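Here is my note on this structure. Please read the points with the model open beside you.

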Amino acid sequence: MANGGPVQHGFPHLETVRASITALYRRLSYDTVQTFGTSVLPADVAFCDTDDLYLGAQRVARELVRHYRLPDARPIVSFREMTHAASVELTAGPEYFIELNDRFRTHRRDIGAALAHEVMHVYLHRLGLSFPGTRDNEILTDTATTYLGAGWLLLDAFREDSASSQKLGYLTPEEFGYVLAKRALVFAEDPSVWFTSPQAYTAYVKGMTEARRDEQQPPLTAAGWAGRRRYARDRRHAQDHHGAGPGAGVPYAFTPDGRGPLRVSFPCPTCQQRIRVPVQGRVRARCGLCRTVLECDT
C-alpha cells in the first residue's frame with residue numbers, strides 16, 4: 001500500500017502479468033473464465049460512513065466470496081495497525097481470518113478493494129495456483145482479481161495529487177488498467193463507468209493502449225506497416241539461415257519444422273499462450289486455450 005509515498009508507474013511487471021493470465025486460463029479453463037463475465041457491481045460493495053464497520057466489512061467480504069463462487073468459505077474480518085493494506089491466514093477453511101489496516105476504519109470506500117485481493121488469495125489457495133516468490137505470487141493475485149471481475153476496485157482506490165497519494169496492490173496503476181482492458185476486450189465490458197478516481201481512468205486508458213498493441217503485432221494482420229516490414233525482413237533471414245531467430249524486441253520466433261515449411265510462434269493476444277503456425281501466407285489460427293480466432297499473415 002502506497003500511502004502518501006511515491007507511486008510506481010508504467011509496465012515493469014508486464015511479463016509476469018501476462019504469465020498470470022495464461023496460468024489462469026490453464027488452471028480454470030476457458031469455460032470457467034467465461035462464467036466471470038459480470039464484474040462486481042459498485043452497489044454490491046458500497047460502504048457508507050454510517051454503516052457499522054465490522055458488519056459492513058463482513059457484508060462486503062461475503063459478496064466477494066459469492067462473486068468468486070466460494071460458498072463454503074467464511075471470511076472473518078478484523079482491523080489492526082500494520083504496514084501492508086491487509087493480510088489473510090490461508091488454512092484448510094472453511095473460516096479465513098482477514099486483517100485490514102487500521103487506515104480503512106476511516107477510508108471505508110476502499111475496504112472492498114482490499115478485501116477483493118485477500119479473498120482472491122483464498123480462491124487461488126483453493127485452486128492450488130501460485131507462483132514462486134512473494135512478488136510474483138502477489139502479481140498473480142492482483143491479475144486474477146482484476147481479470148475475474150473485482151480488480152476495478154483496486155484501480156479505483158488509486159488517487160494521486162501534488163500533496164498526497166494512495167495505491168493498493170502490487171501492480172502499477174497502468175498495469176491494473178492493462179488487465180482491465182484485456183478483460184474488457186474479452187467480455188465487452190466498460191469498467192471506466194464505475195471509476196470515482198480520475199487517475200484511475202487515466203491509467204485505464206494507458207492500459208488499453210498497451211492491450212491494443214498486443215493485437216497489432218505481426219504476424220497478425222492488424223499489425224502496422226513498420227511491424228510488417230520488420231517481420232518480412234526477419235522472415236527472409238530465417239529462411240536463409242534455416243530458422244535462425246529474429247533479434248530481441250519482437251514477440252515472434254521462427255523455427256524449422258523438419259522437411260516441412262518454416263514455422264512462426266507468437267503469443268495469443270488474449271491469453272498469451274504461444275501459438276505456432278506454418279509460414280505460408282494468410283492463415284487463420286485458433287488458440288486452443290482461450291479459443292480466440294486469429295487472422296495471420298505469416
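**Cavity and sheet**

1. The structure holds one cavity of 30 Å³ or more. A cavity is a set of points, on a 1 Å grid over the protein atoms alone, where a 1.4 Å probe fits but cannot get out. Grid points are joined across faces, edges and corners, and the volume is the space filled by probe spheres set on the points.

2. This is a predicted model: local features need pLDDT of at least 70, side-chain atom pairs count only at pLDDT 80 or more, and totals for chains, interfaces and linings use all residues. Residues are numbered from 1 along each chain as its sequence is written, and side-chain values use heavy atoms, with hydrogens and water left out.

3. Which residues line the largest cavity? They are Val 65, Ala 73, Pro 75, Tyr 96, Ile 98, Val 119 and Val 122. Lining residues have an atom within 4 Å of a point. Two elements, β4 (95-101) and α4 (111-127), each give two or more residues to this lining. Helices (H or I, at least four residues) and strands (E, at least two) are DSSP runs, numbered from the N terminus.

4. By class, the lining has seven nonpolar, no polar and no charged residues. Ala, Val, Ile, Tyr and Pro are among those that count as nonpolar.

5. Now the sheet. Three strands form an open, antiparallel sheet in the order β7-β8-β9. Strands pair if DSSP finds at least two bridges between them. β7 (253-255) and β9 (274-278) are the edge strands, and each pairs on one side only.

6. Three bridges join β7 to β8 (residues 263-267). In β8, Arg 263 is the bridge partner of Thr 255.

How values were computed: 1 Å grid on protein atoms, 1.4 Å probe; cavity = no way out; pocket = protein on both sides within 12 Å on 5 of 7 lines; lining within 4 Å.
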